[in-house]
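Welcome, and please open your viewer. We will go from stop to stop, selecting something at each one and looking at what is there.

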Amino acid sequence: MEPTNSKTALQAKEERKDVTILFAGDSGDGIQLTGSQFSNTSALFGNDISTFPNFPAEIRAPQGTIAGVSGFQLNFGSVELFTPGDLCDVLVVMNAAALKANLHNLKLGRTIIANSAGFDKRNLSLAGYIDGNNPLSDGSLGKYRVIEIDITKLTREALKETSLGTKEKDRSKNMFVLGFLYWMYNRKMEPTERFIQEKFAGHPELIEANIAVLKAGYHYGDTSETFTTRYEVKPAPLPSGVYRNIMGNQAIAIGLIAACQKAGLSLFYGSYPITPASDILHELARHKNFNVRSFQAEDEIAAITSAIGASFAGNVGITASSGPGIALKGEALGLACMLELPLVIINVQRGGPSTGLPTKTEQADLLQAVYGRNGEAPIPVIAPSSPRDCFSMAFEAVRIAVEHMTPVFLLSDGYLANGAEPWRFPKSTDLGTIKAPIRKQNPKDDWQPYTRDERGVREWVLPGTEGMEHRIGGLEKEDGSGNISYDPENHQKMVDLRADKVARIADFIPAQEVDQGESSAALCILSWGSTYGAIKTAVRELRAEGQDVAHIHLRYLNPFPKNTGQLLRSFGKIMVPELNKGQLVKMVRSEFLVDAKPLTKVKGLPFTATEIKESALKALQS
Amino acid sequence: MSTNTENKLTAKDFSSDQDVRWCPGCGDYSILKQVQTILPELGLKREEIVFISGIGCSSRFPYYLNTFGMHSIHGRAPSIASGLKVANPNLSVWVITGDGDALSIGGNHLIHLLRRNFDMNVLLFNNEIYGLTKGQYSPTSPEGKVTKSTPMGSVDHPFNPLALAAGADSTFIARAMDRDPVHLREILLEASRHKGTSLLEIYQNCNVFNDGAFSPFTDKQSKADNTIFLEHGKPCVYGKDGNKGLKLDGAQPVVVDLSSGDNSLEDLWVHDKYDRFKSGVLMRCFDTPMPDRESLPRPFGVFYQEDRPCYEDLLQEQIQVSVQRKGQGDLDKLLKGTNTWEIA
């Protein structure tokens, strides 16, 4: 690569297609903020980005220990990106524990930026380096390029004129790192300066301190001659348009609001705080001017049942939770199914069972969503494939719930919830309309609450509608009238009608497409949910290497798109990678009688593209 | 809510076409009749009224009323009603529940409903037994109660539902009984007029699994001496000939004999339903009447009432303030966010 405009011979500028940086430090080091600031700045610059925050469940785990290490992985590039990167090019470590926990994630020969103050005797011992051996000086990092900076000291130095205490000064050392990286990758500091001004509004001394340290980090890169190279990552050739950065949970919240606006209905959100779903509640609670009624309920059961009550009255009732919280909602899901009212249930999946791994990602609740209720209680299930797709699928969830008078499951996960990427957001006029089957006037004297239209959908008659008083409930109801019925023939009929209504939603969703490859390929990789990016990347590389591989990604899981079976039967082999013990694979085997094989992983971490590639090659050879 | 003065509805207008299917002789019949009788007094249209119930014998109630209704799942009626009221604050909402539904499986929802103070009415049918599951003890069954699940007698200490409601800062706390329809109607009307969550406990006889649980308070012979009917601003008098009264000795309620000449009406405790402390003392008048010793009478009527803002009104206010501050939600602005960039 041609070095451009180098300031000195020592400071060459190299161009890179994409770079993965992993920021790691104590959970109190401001790692998430540093990572998200670098992401936003890179996105504003025009790079494609994909991020993956990885943090402990404890708010402040013991300082200096491996358990307390928080990480933020960011992949940014001048090409289209679909994952936060398998291994990183730059590993930023604020202490010894962060290095120990993450060294295996760094490519050989690449760069470590280490805060040398985090490698004192105490930190080394907390991180478990035997006899206080310092990896920065004992030669064990010989395969990497190590840049040691005493960030703590330099930060304090930059703030020596201020009245802040040492503890407060040390809190801004993440800004030093950020400033240094901005220098290294030729980034402007303005977006972060603006962020600091907003975040610390009313605290001028903190604004001043953080900006001073940010600049100190930048200038340290500029003036110190330790470093030989600056890198340039040019804007990515993304489709033209206006972009913003979006995180999965935020996209869900905005998608829900947009859908309710398009349906002309108020949004009721009943929820109980739980990781990693709470950010949806936080986001929605900020938008009351969209007639959003957010209700923090006393428990998970009240969260969903309050949403059912709101739906009965004509709002779009929505609730969200994660693993154990979803388990608590099971009974109410059956009620919603029986009542045939709109309801959206979002499961931001996390590692299970029980409390499991609250901050780690997993896809092990698919069978629970599709089958996990007493009785025959079919519920449509859909799943977004990326943070920005969370918007579209949240919109879809509301559309299906309202137009088909049914509860709908939206299966997100921790990886999508906290991951971010650029989003070419739509205009409100580009969004489809949603037509609620609300009946406002009694059409005729023999109107009945469970009369169905040609799609098997009943009408939504809200309390307050004159002359249409009726009772609904969880007991089996007589076809049409909705009165209690224990008649055997009627029960058979009603179970069939409810199942049929959900099955017919397949007529109102898009046909399944093949994401990459030919429909006659030797191997089809079938995926769902957040694994999309890693698999897309892997299949792209495999195909570039001449392998006959195709990729199908399902966003609709119940019912499946109508052509799914036909598509799957056309492939030689089918591999189904999932972050569980094999759930979609069971469904497609039983539904379509195809010999699909599982590829499973339950480590609380997403697949890497490399893992998918290796398994695909093995499958092709077998 | 609009008031409807012309073509006043009658109790019959509130009966649905469904056959009532409680056991013959069940106390629920009386409660249904009294509710149907008072509903026309509310001046509302049928469609403006919603009854939400949980599970249990009492929870069949909504099916028998020609209003909107939902027979939901066990214990969850309060939270369903909460969502309903948030979504449409103009509805008149009634929660129908029992001692098992409200105080056992749904105990959490009940206390949170009370503290939030949604404007609705909770009718808690207390029969001190699980009827629908055929006779197990309930959270209000007295200690020692022999039932199918407690052949040696219950060792559970029972709830005092009204004291529980007070603990949850309920803004309207009252008690009535199935066997005194006139009083029940009066209290139902008072409950319905209260702005906030009104909790009305109704003693209801389960003549199949717990017959006579409340007979000391409901039977002709014993009622007068074992009960006191509270009236706001009136002295606490009771007894066959109005010959007994309640006095407060410090924080202790004391029974006095008005016929002995030692005490007159002026000496008695005057009921003040706005007095949190004294109403608490009345809620604790929870003795089981014994033939061999004098016990405190069981109070009926409105124990306590206070004015406190309702959740749904506060939420509506926040929505209005949010609209005032930020303007009516602009979807394009929301989609756009605060930081955008353009790729040509």
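Two strands pair if DSSP finds at least two bridges between them. Helices (H or I, at least four residues) and strands (E, at least two) are DSSP runs, numbered from the N terminus. Keep in mind that this is a predicted model: local features need pLDDT of at least 70, side-chain atom pairs count only at pLDDT 80 or more, and totals for chains, interfaces and linings use all residues. Residues are numbered from 1 along each chain as its sequence is written, while chains are lettered from A and ligands numbered from 1 in the order in which they are written.

**Stop 1: a sheet with strands from both chains**

Select A:Gly473, which belongs to strand S17 (residues 471–473) of chain A. Which residue of S2(B) stands opposite A:Gly473? The answer is B:His71. S17(A) and strand S2 (residues 68–71) of chain B run parallel and are joined by three bridges. Two residues are in contact if their C-beta atoms, placed from the backbone, lie within 7 Å; setting aside neighbours within four places in sequence, A:Gly473 is in contact with B:Met70, B:His71 and B:Ser72.

Is A:Gly473 buried or exposed? A residue is buried if 20 or more other C-beta atoms lie within 10 Å of its own, exposed if 12 or fewer, and partly exposed in between, with C-beta atoms placed from the backbone. A:Gly473 is buried, because 24 other C-beta atoms lie within 10 Å.

Now show the open sheet of nine strands, in the order S17(A)-S2(B)-S1(B)-S3(B)-S4(B)-S6(B)-S5(B)-S11(B)-S7(B), with mixed pairing. Its edge strands are S17 of chain A and strand S7 (227–229) of chain B, each pairing on one side only.

**Stop 2: where the chains touch**

Colour by chain. The contact takes 61 residues from chain A and 52 residues from chain B. On chain A's side, the largest share, nine residues, comes from H11(A). Next, select S9(A) and strand S12 (residues 340–343) of chain B, which pair in the antiparallel sense over four bridges. There, A:Arg244 has B:Thr340 as its bridge partner.

**Stop 3: the core and an enclosed helix**

A nonpolar core is a set of buried Ala, Val, Leu, Ile, Met, Phe, Trp, Tyr and Cys residues joined through C-beta atoms within 7 Å. The largest one has 254 residues, of which A:Ala24, A:Ala394, A:Val398, B:Leu84 and B:Leu200 touch the most other members. A second, separate core of eight residues includes B:Trp22, B:Cys26, B:Tyr137 and B:Cys206.

Then pick helix H15 (residues 389–404) of chain A. Of its 16 residues, 14 are buried, so H15(A) is largely enclosed by the rest of the structure. After H15(A) comes A:Met405, whose phi is positive, near 50°.

**Stop 4: backbone details**

Most residues other than glycine have a negative phi, and most peptide bonds are trans. Zoom in on A:Thr275 and A:Pro276, which are joined by a cis peptide bond with omega about 0°. Another cis bond runs from A:Asn558 to A:Pro559, with omega near -5°.

Finish with two residues of positive phi. A:Asn186, with phi near 55°, is partly exposed, with 13 other C-beta atoms within 10 Å. A:Glu340, with phi of about 60°, counts as buried, with 25 C-beta neighbours inside 10 Å.

Terms used. The expected span of a helix is 1.5 Å times one less than its number of residues.
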